[in-house]
Amino acid sequence: MWIQVRTFDGKTSKQIDGLSKLTKIEDLQEKLVEAFDAQIDTQRLYYRGKQLVPGHTLFDYDVGLNNIIQLMIRKKLVEPPEEAAATDTEPEDHIVNGIGESDSGVPSEVSDSEPLAESKEESQPGGDEPSTSGPKGTYKVKDVIDAMDLSVGAWFEAEIIKVAETMDLNNNEEDSGNPGEGTEKQNGSELTEEDGTAKAEGTCEGDGLVYHVRFEDYDEQGIVQLSSNYLRPRARTLVPFEDIAVGDVVMANYNCDDPTDRGFWYDVEVKSLKKARTVQEVIGNIRLGPGVEPLTGCRVRFTDELFKIEKAGEVSCDAKELEASGSPIKRTTQPDCNHCKDKPTRKCKYCSCHQCGGKDEPDKQIMCDECDMAYHIYCLDPPLPGIPDEDEWYCPICKNDNSKVVHAGEKLKGSKKKSKMASASSTSSRDWGKGMACQGRTKICTIVPPNHFGSIPGIHVGQTWKFRVQVSEAGVHRPQVAGIHGREVEGAFSIVLSGAFEDEQDNGDDFTYTGSGGRDLSGNKRTAEQSCDQKLTKYNLALARNCNATLDKVKGNEAKDWRGGRPVRVVRNAKGRKHSKYAPEEGNRYDGIYKIVKYWPEMGKSGFLVWRYLLRRDDPQSAPWSKEGKARIKKLGLTIEYPEGYLEAMAAKEKAKEEEREKDNPDSDQENEKKPKKKGKRKLNKDSPGQESPSSKKVKHEVPDDFKKQAEEDTANAKIWKDVMESVLGGEKLLTAVEEAFTCICCQEVAYDPITTPCLHNVCKCCLKRSFQADVRSCPYCRYDLGKGFTISVNSCLAKILLDLFPGYNAGR
């Protein structure tokens with residue numbers, strides 16, 4: 001394995017070979033000492049924003065093949081001379097707690113004004129006791145009334161605390177609950193008794209007094225100041241639904257957000273009545289207070305709770321008289337908890353203890369500052385002796401595990417996920433991190449979608465890759481380990497033959513394939529003995545759907561017209577060489593398109609049921625083992641493809657081994673020199689300049705004749721097509737050359753519905769339209785002025801060529 005190490009300024013980048021996933025960070029730093037001329041104590045390594053800390057491995061930070069690690073080299077600090085250090089410390093003798101001696105007379109942290117504040121508080125009346133003094137008006141202190149909350153326009157049960165002649169703008173301590181929230185300045189304007197719209201139903205004419213009101217059951221709102229225009233006697237008389245008439249105004253319960261649920265109490269002007277066998281509804285307009293447009297067409301469903309609006313001066317508001325007569329009835333409003341509906345006997349884990357649901361002992365409940373859930377201190381594990389004095393407290397669900405948090409200066413903590421992997425507890429001395437199967441993809445095939453059936457544009461039959469990860473990057477077979485790539489509801493797209501089953505028969509043009517499943521792969525195993533029956537589900541079902549026959553999950557089926565089935569891309573792996581002569585000697589080879597002839601269940605050699613598939617070749621290109629196929633491979637110059645930097649890394653590794661052998665056996669070179677040289681043809685050294693490495697050979701790519709004819713028809717882009725042909729003859733892939741030549745500069749994708757401009761540039765139709773809508777009428781490439789009269793017309797010849805080369809690239813565009 002190898003990685004790239006680059007300095008922070010980007011000027012120096014070097015490849016470091018001989019690594020593995022289990023390489024320690026300190027071992028990597030030792031390799032960088034000579035490469036970058038930087039001592040270990042001056043190195044700081046970063047990967048994906050994390051600093052690599054010694055004591056961990058590359059696997060801990062998910063560093064993969066050919067990934068880039070940033071190196072910051074810190075300069076060593078030069079210690080100042082002793083005399084300079086002494087002079088620098090002299091001023092500190094004159095500083096006490098960061099303040100000079102001349103500033104020692106500043107006030108202390110405790111202000112001198114605090115005793116004054118305490119004396120002021122002592123002089124104020126304590127508690128919330130109602131004041132018995134004040135002017136006489138429509139209502140008196142301790143009267144129980146209905147008051148309007150001007151913020152929502154609803155009526156709430158309230159009590160008068162104080163009566164004043166003018167509004168107290170400087171609310172004292174008894175009015176400090178939520179000052180100004182319920183005053184007459186709400187709803188955007190100041191409503192006074194002179195305003196004709198300020199009088200609500202049932203209220204009296206303004207008496208010029210200000211009433212200090214406290215809403216019942218809403219202590220958090222505090223005391224608000226209202227005029228008599230927003231006060232009226234407490235509703236006490238229920239009106240039967242049969243006595244309601246159109247045009248009446250009653251007080252009803254309504255929820256503006258969810259009419260089916262209970263809400264607040266509003267004045268409703270009845271417009272119509274609906275009475276059915278099971279449903280009774282009052283349909284009317286909800287009044288939301290003076291100066292606010294009413295809600296029309298509202299359906300009130302709580303028809304058994306309709307109250308008559310009492311008028312001021314006609315009934316008593318004295319609390320003692322009402323209590324003696326058994327009225328008024330306590331009204332039910334919107335519950336605070338939608339789960340338990342505020343029922344005191346019902347346990348609820350949302351408004352009470354989140355652990356036990358009990359509503360008892362609220363003084364022993366503590367609320368989480370993250371999720372706002374309450375907990376009894378004795379329900380916690382471990383239980384708390386009392387309410388903690390901390391400013392912030394978090395419940396066990398929200399509290400971060402201190403073992404997972406990496407504080408400043410601490411080392412990286414082990415991952416629980418990685419600690420459960422088989423490699424963490426394995427006693428094997430094998431360095432599994434040096435394999436290629438655990439490497440991630442460095443690129444993804446975007447030419448076709450993942451669920452593409454059929455061949456991949458630009459991929460030739462006989463093309464070979466060293467590792468499975470390269471096959472995945474090319475889009476031929478995307479899974480890096482699984483042998484079948486497919487979807488249960490769509491079908492299978494590709495398979496890999498690796499000789500996992502001995503009883504499989506491979507005849508080249510047709511072969512039998514065994515489905516997946518039936519094996520216990522726990523413990524990070526890649527393969528195992530058959531231990532149970534296979535089922536026609538998942539990947540097995542996906543393969544069966546490719547067969548041109550009705551699906552039979554019990555007996556299987558055979559296609560009469562097997563060529564009408566869905567195509568499957570087949571890749572043969574070198575591991576199958578032990579069972580088949582058609583498998584490649586090295587790497588993974590693409591062998592073309594096959595179709596499924598039939599599928600059936602049978603008893604395998606292991607004694608368990610397996611699903612078999614018979615596949616037959618149906619590809620216009622010759623098979624790679626045939627005489628024509630070998631000639632075509634030679635003509636195209638197809639050789640095995642290696643990952644970028646792989647050959648160089650292997651050469652450096654061999655060279656390092658050779659140097660170690662020379663150090664261990666220095667006399668072996670002298671003995672080899674004394675030995676007489678054998679006569680015969682001299683073999684060319686691998687490192688000789690006259691021989692090209694496999695990676696430096698230019699692959700010849702051919703251009704189909706039908707493609708040349710299509711390109712000639714596109715006369716507007718004749719010069720561009722000429723450059724593309726030259727690039728292909730020079731060794732570049734046709735698809736790569738076309739993609740580079742016809743990429744839209746706006747969206748950086750292959751131009752869709754291409755527009756060829758007079759300056760011979762190609763842009764997507766949608767991209768050019770957006771530019772015109774922004775009143776930018778110039779070429780996105782060269783700023784050539786297209787003018788207002790430019791007609792957007794699609795180059796149909798170019799559009800057809802691009803769709804043939806990149807099938808499906810227009811999806812989602």
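A search of the whole structure turns up 24 salt bridges, a salt bridge being a side-chain nitrogen of Lys or Arg within 4 Å of a carboxyl oxygen of Asp or Glu. This is a predicted model, where local features need pLDDT of at least 70, side-chain atom pairs count only at pLDDT 80 or more, and totals for chains, interfaces and linings use all residues. Residues are numbered from 1 along each chain as its sequence is written, and side-chain values use heavy atoms, with hydrogens and water left out.

**Exercise 1.** Work out which parts of the chain the salt bridge of E586 with K466 links.

*Solution.* Start with the contact: the closest N and O atoms of E586 and K466 are 2.8 Å apart. Next, place the residues: E586 is in the loop between β24 (568–573) and β25 (588–603), while K466 is in the loop between β19 and α7. Helices (H or I, at least four residues) and strands (E, at least two) are DSSP runs, numbered from the N terminus. So the pair links distant parts of the chain, 120 residues apart.

**Exercise 2.** Find how the rings of F467 and Y646 are arranged, and why.

*Solution.* Rings of Phe, Tyr and Trp (its six-membered ring) pair if their centres lie within 6.5 Å; planes under 30 degrees apart count as stacked, over 60 as edge-to-face and the rest as tilted. The structure holds 17 such aromatic pairs. For F467 and Y646, the centres are 5.4 Å apart and the planes stand at 80°, so this pair is edge-to-face. Now locate them: F467 lies in the loop between β19 (464–465) and α7 (468–474), and Y646 in helix α10 (residues 646–664), so the pair ties together parts that are 179 residues apart in sequence. Both F467 and Y646 are buried. Zoom out and ring pairs link W2, F467, Y642 and Y646 into a cluster.

**Exercise 3.** Sort out the buried and exposed residues of helix α9.

*Solution.* In α9 (residues 627–636), pick out the buried residues G629, I633 and L636. Look down the axis: the buried residues fall within an arc of 70°, so they line one face of the helix. That arc is taken from the directions from the helix axis to the C-beta atoms. Turned away from the buried side is a face with the exposed residues K627, E628, K630, K634 and K635. Just after α9, G637 takes a positive phi of about 70°.

Methods
Buried means under 20% relative accessible area, exposed over 50%, partly exposed in between (1.4 Å probe, protein chains only).
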